[in-house]
Amino acid sequence: MYDIRKTYSASSVSEALRLLLENDGATIISGGTDVMIRLKERKLKQAVLISIANITELKGIAVRENGDIAIGAGTTFDEIYRSEIIRECVPALAFAANQVGSPQIRHVATIGGNICNGAVSADGVPVLLAYDSCLEIAGVSGIRTQTLSGFHTGPGKVNLDQSSELLTTIVIPRAEYEGYFAAYYKFGQRNAMEIATLGCAVCLRLSADKKSIDELRIAVSVAAPTPLRCRKTEARLRGAPLTNQTIAALRKGVLSEVQPRDSWRASRQLRLQLAKELSERAFRQALETAGGEIV
Amino acid sequence: MIKIVHMHVNGTDVELGVDEGESLTDTLRNRLGLTSVKKGCEAGECGACTILLDGKSVNSCIYLTVWADGHTILTVEGLQRNPGELHPVQQAFVDEAAVQCGFCTPGLIMTGVEIANSGETYTREELRELISGHLCRCTGYENILNALEKVVGKK
């Protein structure tokens, strides 16, 4: 028996917000694959749960009129993995979605929960960071938008007022995915049901002649207190030629920006090695899909 | 608090009063006697409690019964057709000796039914990924994969 005081099921975003305001300390829940574990471990007690799993407006993936991809926060990883839109426009996200937990988990776990849970190891986050995604957050005074970059403020902490706000949509702007190619690499001790030891997503756009980097974004997870963009390295390599020197600079740059720690899962040393290695692999794979070649 | 829940379980409509904190595993086992639903890790990792919720495999241990209100549930008990006749997935598990201690078997059978119902064919490697939400400490998975290959057909 879980230590639950009361459960609600909201049928609309406005109802969920009203229930949040009426119930002090209530927890928003959708698939429950993180929250139920917190309950089991007694990190959450006497819970008041507001389920948003039945809110249809939070589900599904659509291309907006302006070409932006809008992913409802209540969309499951299985739905993201199977989505034609995602496979067509941002295939690295389909790949990352399929790295989460197990098939059973992916049938219920949602992308919104993965982001709001604030885990530094969230598989859904690095690729979305590399695509410079935005979040639409509903509150009492309407919708506010903010970039995913900066949303995470610490381990398990996000810039969301849990007593009055709800993440509704993840937006990948057309300008941030069109012409871009991305790849995600995750390292774990086993291939399934595994929390990332370290993850890295690289998203790039090549120059018209495919001889140099036009735009580059690198996102790393489990390498700092929050998922991280390596902005200094990105800036330094903008315009760089596709050479082994550039890859060496990428490895060195990423290494200088990450701050991994020792944990029971892995040592800082291993994570530093992984940051170098995975950023190179993700870069090479993104480059290959973009049709570029190292000369 | 007690809530009234309506579910369609193994072909039958049921109405139950359940505690809001009750997991679907506990409801299926303790109130409906469906003991094929096993309690393993109770953290969504081992897959022993896997049932089909509206045709999709779900870990019932981390799923609240109140969330299943209005939904359709299938467990191994619901696979029975004519007396003495096994579901093709069950028969394949028997034929390929895919069962040792048996604890993971009901969950794997349900994922097997989901895979078979998809109507698609898979490679052995794809099947391996599809059953990655189940832990089996006896078989080493090879006979389980042999059984599944028999049912879904090789790609």
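This is a predicted model: local features need pLDDT of at least 70, side-chain atom pairs count only at pLDDT 80 or more; totals for chains, interfaces and linings use all residues.
## Helices H3 and H5 of chain B

Two packed helices are described by the angle between their axes and the distance between the axes. In chain B, helix H3 (residues 105-117) and helix H5 (residues 142-152) have axes that come within 10 Å and cross at roughly 30 degrees. Angles under 35 degrees count as roughly parallel, and H3(B) is therefore roughly parallel to H5(B). The crossing in which H3(B) passes H5(B) is right-handed.

On the H3(B) side, the contact is made by Leu108(B), Gly112(B), Ile115(B) and Ala116(B); these meet Ile144(B), Leu148(B), Val151(B) and Val152(B) in H5(B). Sorted by class, this contact of H3(B) with H5(B) has 7 nonpolar residues, 1 polar residue and no charged residues.

## The buried face of H5 in chain B

Ile144(B), Ala147(B), Leu148(B) and Val152(B) are the buried residues in H5(B). Viewed down the axis of H5(B), they fall within an arc of 115 degrees, so the buried residues line one face of the helix. An α-helix has 3.6 residues a turn, so residues three or four places apart point the same way.

The partners of these buried residues are helix H2 (88-95), H3 and helix H4 (124-130) of chain B, against which they pack. Just after H5(B) comes Gly153(B), with a positive phi of about 80 degrees.

## Contact between chains A and B

The interface involves 24 residues of chain B, in contact with 21 residues of chain A. On the side of chain B that touches chain A, strand E4 (residues 56-59) of chain B gives the most, with 4 residues. By class, that side of chain B has 9 nonpolar, 9 polar and 6 charged residues.

## Helices H11 and H12 of chain A

In chain A, helix H11 (residues 244-257) and helix H12 (residues 268-290) have axes that come within 9 Å and cross at roughly 140 degrees. H11(A) and H12(A) are therefore oblique to each other. Their crossing is right-handed.

H11(A) contributes Ile247(A), Leu250(A), Arg251(A), Val254(A) and Leu255(A), which meet Leu272(A), Ala275(A), Lys276(A), Ser279(A), Glu280(A) and Phe283(A) in H12(A). The classes in the contact of H11(A) with H12(A) are 7 nonpolar, 1 polar and 3 charged residues.

Most residues other than glycine have a negative phi. Arg42(A), which is not a glycine, has a positive phi of about 60 degrees. Arg42(A) is in the loop between helix H2 (35-40) and strand E3 (47-51) of chain A.

Although Gln46(A) is not a glycine, its phi is positive, at about 45 degrees. With 10 other C-beta atoms within 10 Å, Gln46(A) is exposed.

## Gly139 of chain A

Gly139(A) lies in strand E6 (residues 134-139) of chain A. Because 14 other C-beta atoms are within 10 Å, Gly139(A) is partly exposed. Leaving aside residues up to four places away in sequence, Gly139(A) touches Arg144(A), Ser164(A) and Glu165(A). Thr75(A) is 64 residues apart from Gly139(A) along the chain, and the C-alpha atoms of the two are separated by 20 Å.

Key. Residues are numbered from 1 along each chain as its sequence is written. Chains are lettered from A and ligands numbered from 1 in the order in which they are written. Axes are lines fitted to C-alpha atoms, for helices over the stretch in contact, and angles run from 0 to 180 degrees between N-to-C directions. Helices (H or I, at least four residues) and strands (E, at least two) are DSSP runs, numbered from the N terminus. Angles under 35 degrees count as roughly parallel, over 145 as roughly antiparallel, 65 to 115 as roughly perpendicular and the rest as oblique. A crossing is left-handed if the near helix is turned anticlockwise from the far one by less than a right angle, and right-handed if clockwise. Two residues are in contact if their C-beta atoms, placed from the backbone, lie within 7 Å. Ala, Val, Leu, Ile, Met, Phe, Trp, Tyr, Cys and Pro count as nonpolar, Asp, Glu, Lys and Arg as charged, and the others, Gly among them, as polar. A residue is buried if 20 or more other C-beta atoms lie within 10 Å of its own, exposed if 12 or fewer, and partly exposed in between; C-beta atoms are placed from the backbone. The arc is that of the directions from the helix axis to the C-beta atoms.
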